[in-house]
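Trainee: Could you take me through one part of this model up close, and tell me what to look at in its backbone?

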Amino acid sequence: MFEGWDAVVLARAQFAFTMSFHIIFPAFSIGLASYLAVLEALWLATGREVYINLFNYWLKIFAVAFAMGVVSGIVMSYQFGTNWSAFSDKTGPVIGPLMAYEVLTAFFLEAGFLGVMLFGLNRVGPKLHFLATLMVAIGTLISAFWILSANSWMQTPTGHTVNEAGQFIAADWLKVIFNPSFPYRLVHMVLAAYLTTALVVGAVGAWHLLRDRHLAGPRVMFSMAMWMATLVAPIQIIAGDQHGLNTLEHQPVKIMAMEGHFHSHKDGAPLILFGLPNQSAGRVDYAVEVPKLGSLILKHSTDAPMAGLDTIPRENWPPVAITFWSFRIMVGMGLLMLALGLFSLLMRVQGKLYDSRLLHMFAVAMAPAGFIAVLAGWITTEVGRQPFTVYGLLRTAESASPLAAPAVASSLVAFIIVYFAVFAAGVIYLLRLMAAPPHPGEEGPSQHEAPIRTAGITPAAQGAGS
């Protein structure tokens with residue numbers, strides 16, 4: 001059935017599919033873990049019941065999202081051995097230790113404190129429980145650190161040599177870890193995670209305020225989320241601009257594709273707002289552009305020359321249309337986040353934060369915007385790196401396992417069926433949890449149930465004779 005298909009294209013599609021499902025959960029759980037730490041800190045500092053009610057409310061949602069992220073991540077890791085064995089062989093001495101560091105630091109930290117965070121509030125005391133929450137939040141950030149370090153090395157590889165077997169070997173681990181794009185990408189991704197969580201929290205709060213604007217829990221969560229959007233959205237735009245300048249320096253071909261610059265511009269490049277990239281003809285059809293603004297943004301001078309894809313061999317061009325449009329979707333979502341933050345600030349100043357139905361409906365509509373922006377950003381990053389897995393050094397076609405197309409296609413079809421069934425059920429359950437507002441005396445996960453003993457000595461029943 002799939003004999004005529006390209007096995008490499010199918011392997012890329014499979015990884016893209018599983019990655020798209022996976023990344024939305026870490027992006028949400030990274031931000032939500034930090035939000036839970038803030039809520040618990042506020043409860044300990046003020047003693048206000050609303051904060052612990054919100055903590056327990058979002059803790060149940062965090063537990064489900066965290067579990068779904070872990071499960072989808074495990075599936076992805078197996079693909080390195082099944083579909084990308086050549087990549088694993090050549091980059092394993094560099095990528096392998098970075099992945100192992102994530103396990104030894106982030107996973108162990110999260111595993112050690114997650115159970116206490118989920119079930120231990122009434123068993124270990126508030127201060128020790130807050131420590132557990134803080135450790136889980138730090139663990140999610142450490143996980144982002146190592147994953148982004150590994151992926152950034154694939155984008156801007158430094159600190160390595162190549163041995164006689166053609167494998168990449170670390171010559172300087174600090175240069176490998178702190179490669180040129182890593183600091184920019186780490187900041188950009190963590191801020192994206194915080195904004196993604198803020199938009200979901202704000203949407204849930206707005207949803208309940210549309211029904212009853214006097215509910216204490218939704219008022220607090222909505223106010224906190226709008227502060228995050230107001231403050232962080234402009235910072236994210238600045239961070240994205242700096243990341244773009246770093247990409248221009250180290251991955252200029254990706255910028256050419258993002259901007260749709262098929263041709264070089266000696267006296268200043270335009271900013272193409274919209275258009276239809278025509279890769280075969282080497283042009284953007286129906287382009288809507290602003291003259292010289294592209295050079296002003298990227299080189300801070302309207303007359304700065306900008307090289308185009310006409311200076312690059314065609315076999316090294318990335319898929320321009322996908323990179324071009326995914327970048328614009330990401331930027332569009334970012335501008336909408338900025339608009340929401342500024343609108344909420346205006347309503348706050350006017351004393352209408354909890355009364356403006358237009359603001360609340362806007363916030364509800366923006367619930368998926370963070371996820372869309374994260375997906376669009378990762379598509380821009382990964383597709384823009386093509387046709388390489390390690391930028392400029394290892395081609396994607398040379399990284400795949402020697403598999404026939406039907407073998408890859410059959411597992412892809414299986415993933416599609418299972419993922420849509422399992423993750424649809426998980427998302428529906430999350431939406432059901434969010435549909436009910438937090439209430440006084442909100443309990444955390446399974447606090448009303450006795451703990452189940454899975455190891456150790458189970459005490460005999462009371463009254464049992466000897």
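Mentor: Start with phenylalanine 274, whose bridge partner in strand 4 is valine 288. What you're looking at is a predicted model, in which local features need pLDDT of at least 70, side-chain atom pairs count only at pLDDT 80 or more, and totals for chains, interfaces and linings use all residues. Residues are numbered from 1 along each chain as its sequence is written, and side-chain values use heavy atoms, leaving out hydrogens and water.

Now zoom out a bit: strand 3 covers residues 271–278 and strand 4 covers residues 283–290, and the two pair in the antiparallel sense over six bridges. (Strands are DSSP runs of E with at least two residues, helices are runs of H or I with at least four, both numbered from the N terminus; pairing takes at least two DSSP bridges.) Four residues sit between the strands of this hairpin, and glycine 282 has a positive phi near 70°.

Tyrosine 286 is exposed, with a relative accessible area of 70% (buried is under 20%, exposed over 50%, partly exposed in between, with a 1.4 Å probe and protein chains only).

Histidine 300 isn't a glycine either, and its phi is positive, near 60°. Histidine 300 is exposed as well, at a relative accessible area of 56%.
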